[in-house]
Amino acid sequence: MFLSVFFFNSATTRLLLAILPWLLGNSDPAIFTGEEYFRLGLYEEAITEYQRYLFFNAHDPQNFFGYVYYRMGIAYRNQGLWNEAITALEKSIQSETDDLSRERRRLDLGVTLIACRRHSQAEFL
């Protein structure tokens, strides 16, 4: 009985899924906490967690900076904070080492520029 209540409680399941990669040593807990906040639409809280990661992991050899800046850019965009979104997406492109990911983020930057009516800037991506 206890196990079924424990394993099928949705809040517990969400929490376990959010921290499982960290428990297995795959990444920083701030990223996964930020992802959970992002998924729930709590963008300010997600941005805070992403900023925490950037602050405490300045010399991280895994370098998730490109990804973290990308998620911050999308969170800012979802809040209508266009300048912050554009800045974060530009940093994401600069920080990314993978060519395919960089091109996908460039497309998201273009979408953001168009959404905030900066069509001429989007043309030059």
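Select Tyr 67 first: Tyr 67 sits in helix α5, residues 65-78. Helices here are DSSP runs of H or I with at least four residues, numbered from the N terminus. The model is predicted, so local features need pLDDT of at least 70 and side-chain atom pairs count only at pLDDT 80 or more, while totals for chains, interfaces and linings use all residues. Residues are numbered from 1 along each chain as its sequence is written, and side-chain values use heavy atoms, with hydrogens and water left out.

Tyr 67 is partly exposed because its relative accessibility is 29%; buried means under 20% relative accessible area, exposed over 50%, and partly exposed in between (1.4 Å probe, protein chains only). Now show its contacts (heavy atoms within 4.5 Å). Leaving aside residues up to four places away in sequence, Tyr 67 touches Ile 31, Glu 35, Glu 96 and Arg 105.

Next, select the whole of α5. This helix has 14 residues and spans 20 Å from first C-alpha to last, close to the 20 Å expected at 1.5 Å a residue; the expected span is 1.5 Å times one less than the number of residues. Of the 14 residues, 12 are buried, so α5 is largely enclosed by the rest of the structure. Among the buried ones are Phe 65, Tyr 69, Met 72 and Ile 74. To see what covers them, display helices including α3 (29-39), α4, α6 (82-95) and α7. Following α5 is Gly 80, with a positive phi near 80°.

Then turn to the charged pairs. Side chains of opposite charge can pair when their charged atoms come close. A salt bridge here is a side-chain nitrogen of Lys or Arg within 4 Å of a carboxyl oxygen of Asp or Glu, and the count comes to 7.

- Select Arg 77 and Asp 108: their side chains form a salt bridge at 3.8 Å, N to O. Arg 77 is in α5 and Asp 108 in α7 (residues 99-115), so this pair ties together parts 31 residues apart in sequence. Both Arg 77 and Asp 108 are buried.
- Select Arg 52 and Glu 49: the salt bridge is 3.0 Å, N to O. The two lie about one helical turn apart because they are 3 residues apart in α4 (residues 43-56). Arg 52 is partly exposed at 38%, whereas Glu 49 is buried at 11%.
- Select Asp 99 and Arg 102: the salt bridge is 2.2 Å, N to O. This pair, 3 residues apart in α7, is also separated by about one helical turn.
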